[in-house]
Amino acid sequence: IDRSHLPPALAGASPLALAPGSSPRRPLGDQELVQRSELVRLLREHQGNVAAVCRVTGKGRQQIHRWVKRYALDLETFRRT
């Protein structure tokens, strides 16, 4: 299968918009890019501490983990040893 077999909406999708190991999906929209950037900033600031990110955002742990999965982030890359 190559790009010519995909629907037009997916044929032009950037590989960076796809989560590793997932099936192709639509590219991230502007709001999602902003949300991902903010999540990355908070994870860096709090060294991957999900509980701290929850306190700052007022969101639950499950929501933060859903975003981490949606944006294909690896929490270990934010944690310092």
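Predicted model: local features only at pLDDT ≥ 70, side-chain atom pairs only at ≥ 80, totals over all residues.

Analyst: Residues are numbered from 1 along each chain as its sequence is written, and side-chain values use heavy atoms, with hydrogens and water left out.

User: Why is Trp 67 called buried?

Analyst: Buried means under 20% relative accessible area, exposed over 50%, and partly exposed in between (1.4 Å probe, protein chains only). Trp 67 has a relative accessible area of 12%, so it is buried. The residue is found in helix 4; helices are DSSP runs of H or I with at least four residues, strands are runs of E with at least two, and both are numbered from the N terminus.

User: Which residues does Trp 67 touch, not counting residues up to four places away in sequence?

Analyst: Contact means heavy atoms within 4.5 Å. On that basis Trp 67 touches Gln 35, Leu 39 and Lys 59.

User: How do you know that the span of helix 2 agrees with its number of residues?

Analyst: The expected span is 1.5 Å times one less than the number of residues. Helix 2 (residues 30-45) has 16 residues and should therefore span 22 Å; its end C-alpha atoms are 23 Å apart, which agrees.

User: Why are the buried residues of helix 2 said to line one face?

Analyst: The arc is that of the directions from the helix axis to the C-beta atoms. In helix 2, the buried residues are Glu 32, Leu 39, Val 40, Leu 42 and Leu 43. They fall within an arc of 165° seen down the axis, so they line one face of the helix. These residues pack against helix 3 (50-57) and helix 4 (61-70), whereas the face turned away from the buried side carries the exposed residues Asp 30, Val 34 and Arg 44.

User: What makes a set of residues a nonpolar core, and which elements give two or more residues to the largest one here?

Analyst: A nonpolar core is a set of buried Ala, Val, Leu, Ile, Met, Phe, Trp, Tyr and Cys residues joined through side-chain atoms within 4.5 Å. The largest has 15 residues, and Leu 39, Leu 43 and Leu 73 are among those with the most contacts inside it. Helix 2, helix 3 and helix 4 each give two or more residues to this core, and helix 2 gives the most, with 4 residues.
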